[in-house]
There are 4 protein chains.
Amino acid sequence: MIIVIHCKDHIGLVAAISNVLAIHQLNIVSMREHVDVQENRFYVRLQVDQTADEDTLHEELQNVLPAGAMITINPLPHKKIVVLVTKEYHCLADILIRNYFGTLGAAVLCVIGNHDHLGDICNRFDIPFYAVSHEQKTKAEFEQQVINTISNYEPDYIVLAKFMRILSPDFVARFSTKLINIHHSFLPAFIGANPYKQAFERGVKLIGATAHFVTNDLDEGPIIAQQIIPVNHTLTAADMMKAGKEIETSVLAKALRLVFEDRVFVYKNKTVVFE
Amino acid sequence: MIIVIHCKDHIGLVAAISNVLAIHQLNIVSMREHVDVQENRFYVRLQVDQTADEDTLHEELQNVLPAGAMITINPLPHKKIVVLVTKEYHCLADILIRNYFGTLGAAVLCVIGNHDHLGDICNRFDIPFYAVSHEQKTKAEFEQQVINTISNYEPDYIVLAKFMRILSPDFVARFSTKLINIHHSFLPAFIGANPYKQAFERGVKLIGATAHFVTNDLDEGPIIAQQIIPVNHTLTAADMMKAGKEIETSVLAKALRLVFEDRVFVYKNKTVVFE
Amino acid sequence: MIIVIHCKDHIGLVAAISNVLAIHQLNIVSMREHVDVQENRFYVRLQVDQTADEDTLHEELQNVLPAGAMITINPLPHKKIVVLVTKEYHCLADILIRNYFGTLGAAVLCVIGNHDHLGDICNRFDIPFYAVSHEQKTKAEFEQQVINTISNYEPDYIVLAKFMRILSPDFVARFSTKLINIHHSFLPAFIGANPYKQAFERGVKLIGATAHFVTNDLDEGPIIAQQIIPVNHTLTAADMMKAGKEIETSVLAKALRLVFEDRVFVYKNKTVVFE
Amino acid sequence: MIIVIHCKDHIGLVAAISNVLAIHQLNIVSMREHVDVQENRFYVRLQVDQTADEDTLHEELQNVLPAGAMITINPLPHKKIVVLVTKEYHCLADILIRNYFGTLGAAVLCVIGNHDHLGDICNRFDIPFYAVSHEQKTKAEFEQQVINTISNYEPDYIVLAKFMRILSPDFVARFSTKLINIHHSFLPAFIGANPYKQAFERGVKLIGATAHFVTNDLDEGPIIAQQIIPVNHTLTAADMMKAGKEIETSVLAKALRLVFEDRVFVYKNKTVVFE
């Protein structure tokens, strides 16, 4: 049984929580706690070896925690996601495979593409695919159509798996803290368009990828995970892009696992990640 | 203030510990807990934001913990070490530099070498160096002389920084849990002599190094840290040895930091490391 | 245009080869050469910026190289593979996805499984799947049936993508230098069965995976690529296995790319890899 | 014997070079060649198994290469360096240790510090240390005094080992292509002051370091090597700085090794590195 709590900090929170668990004869077999002293925030993730009634536990924990505490009990198996894509397949295919074999930690409800390139792969996995073109539409019209499509589902998260349109502040605000993006650079290096071309021209020796929540600015939200791979002078910008796809796939997969297992807390523009 | 506890597990330990801390108005700002369910062992490392009287706290914690609990309060600044070497300089020099600039987290009491190659570098840092040759002596005689030299000091740990003699079970038993070794391979691959030659002949694409406590067998104790670096066909066995020295230095430095900060717990043949 | 040559070494080989290319006005834009001095073997991989008639070039190169020289011109787009699997999906799925999107650098002819678990995923990608059970058969009978199935195709390579049966020396000899295996450990550590359980019990801090050619012994052939990931005390053997699958997928994908691009040379029990 | 050549590219250069070597009965045992097609530059580094008269070889190679070709024969053992520092010891100490044990691949002629903190460690290794304060001087006056000190030596390279003053374009121009700097971030992320504070505030999950040649702008020159280490929410900006020092030491050591072995070519704002 996993218990995850995020709230304002004060002295005695660990004692208060662990007393509740001890009364229920729950043994804490693994626990990560962190206090952000600057922000006065308390984060804990713990695993107990037995089960207890979830509603009772939730109520008893709520009684000993500050108002506004976020308490999640047994988060694992319940996530639902919608995936937004453009043309590149690598992140989507990895998600579809894990979804199909039951190792994603979430269920893919549908995929929305602003091009129709990835419809066939979705069909092969019996996942609904909606082509919502951005062409001959205002951004507002395009986003409204995406929102309409999403609203037929109730996703916990919307995964931007190489979705190459910049979203408006309105769209982002609507799905606040639910939007996860994979950016094809080691942020904050190479913000914006064509990071591999930028990396090639700068002659870097490492390239990276960043999975992050989307807040107001597309490349500026709280970072969940980052990875890099070495590159050298023999790679063209196109080669770097190709090599980068491997790391993009890998880092998005890692970030989704962390989020779906409720290991990621967001506060202001940062994350606390209990790996 | 850092508090580290290792004891038998039972339900309610976190509650018991955190209640003691809460009574003293100590806020837990960072906490790592782990229970080894198979072995029924409890491990915790926590940091609180204020200080309290250490003796009082120790006694109160002891009262709520199982018999035999190991409790360490504020472990950081007190370690003392003796370093054993042979001819290779890289690990020793790194230790001497950190010691000199006060960033080792321990004080080097003296260095003992079974050759005198590294005497001059010790002199340059005003660290006593004892050349204790193994030649024309039985192993027992050699080790007795090393023990005699060590016994003039009271080290918390004895660091085998590329000490190339196999120690007898008697020697190891005498300094049980105090001996830290750097082995020049990714254990358990290439146990024994000349691992770089073995690695070269096997044609591996990665080589590694392992820092571990020494128990009965030289390369068989609980592992503290391991790292690797990529190699390829252009490296001879000698090149691999040279490349390996970099990773040996780095992994021993990391292991010592973890041990000196009381982040490493040993039980049977394994470690729990709260990085 | 890519040219790859492997032969006995003697003085003047680079001059001989580059003279042939210069006569055809081919500019060498990238070149990796290596001589194994111990074994007296010469390896080169080079890329030229223009094209020439392949047959003419092949003949002219043959004339200036030692007898028995292996010369490959423009190797890239022609590989064909058969994949052998058991129950685990992760390596196969990655291969099928890359095959479907045309980025594998090879064509998957068919998949053979000694269980039928992975039939459906093959069907979804229109790849023939043959279930060849090993049950109620001798090893010889089982392998003969696998050979019969393979013989309907003409694969350049047979990829053991988590195929969990040990192959007989006869089978291995038949497909010599065509068999590529992914082993779920950092060889030569944890040879044999259940490496993750071995790794867990030894308390290692890194686990790895190894892609290698299969020669006589299943885990003993020339290593193509190896990678590792960090682990710690919180992982059970089952968790290590799960984490290991990620690195198995990644290292097999890398090894296949290297092999399919003719970047890997095999001689005796080692490889030369021009990454 | 190592031969390194950098020149304008044209067809037949490899043939021309290798013919010269073959005539001298020199066998090429390892060779890396790269052509930058965009810039029309040719780079080669090769190792031969025998020796020949260096002057003869140099002349014969010059005769077959384009005007302006840079030819270096047997570069390894001849480098001389001056090191500039401020207060931080980690990079300097690593250089002094390698210098003392003869594994730096260069000789440290002297160390210049704009503070006197690191004088004692230099004295312990019998390396001249000059304290040249920047206080109560104009930048021009300060730099002139540094130049005067350097001019008593004839360094091949000037290593900025955590030298925390921004150098004027005049200074940089004077020592063009001789200045090597270690920057405490993964460039081009966090250019400028206090990168660890920037990294902390952005909440990145990796921090890095970059060794590069200094051209006009302090953090903008050709990159030689980069490395990263993972960080997380438990690290303060000060912790990141401490962790970063390890990677700064390591990446500068690597860059110096590459440069001192003539494995690094510079052209415009990029490097070609034959590792």
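Biologist: Which residue of chain A forms a salt bridge with Arg124(C)?

Modeller: This is a predicted model, where local features need pLDDT of at least 70, side-chain atom pairs count only at pLDDT 80 or more, and totals for chains, interfaces and linings use all residues. Residues are numbered from 1 along each chain as its sequence is written, chains are lettered from A and ligands numbered from 1 in the order written, and side-chain values use heavy atoms, leaving out hydrogens and water. A salt bridge puts a side-chain nitrogen of Lys or Arg within 4 Å of a carboxyl oxygen of Asp or Glu. For Arg124(C), the closest N and O atoms are 3.0 Å apart, and the partner is Asp126(A).

Biologist: Which helix of chain A gives the largest share of the side that touches chain C?

Modeller: Helices here are DSSP runs (H or I, at least four residues), and strands are runs of E (at least two), numbered from the N terminus. Helix 3 (90-100), helix 4 (119-124) and helix 8 (237-260) of chain A each supply at least two residues of that side. The largest share, four residues, comes from helix 3 of chain A.

Biologist: How much area is buried between chain A and chain C?

Modeller: Buried area is the accessible area (1.4 Å probe) that two parts lose on being put together, summed over both. Carbon and sulfur atoms give 55% of it here. Tyr89(A), Phe101(A) and Arg124(A) supply 38% of what chain A buries against chain C, more than any other three residues. The area between chain A and chain C is about 1600 Å².

Biologist: Which strands stand at the edges of the sheet?

Modeller: Two strands pair if DSSP finds at least two bridges between them. Eight strands form an open antiparallel sheet, in the order 4(C)-1(C)-3(C)-2(C)-2(D)-3(D)-1(D)-4(D). Each edge strand has a single partner, so one side of each is left without a neighbour in the sheet. The edges are strand 4 (70-73) of chain C and strand 4 (70-73) of chain D.

Biologist: What angle does helix 2 of chain C make with strand 4 of chain C?

Modeller: Strand 1 (residues 2-8) of chain C pairs with strand 4 of chain C over four bridges. Helix 2 (residues 54-64) of chain C touches both strands, where contact means heavy atoms within 4.5 Å. Axes are lines fitted to C-alpha atoms, for helices over the stretch in contact, and angles run from 0 to 180 degrees between N-to-C directions. The angle with strand 4 of chain C is about 155 degrees.
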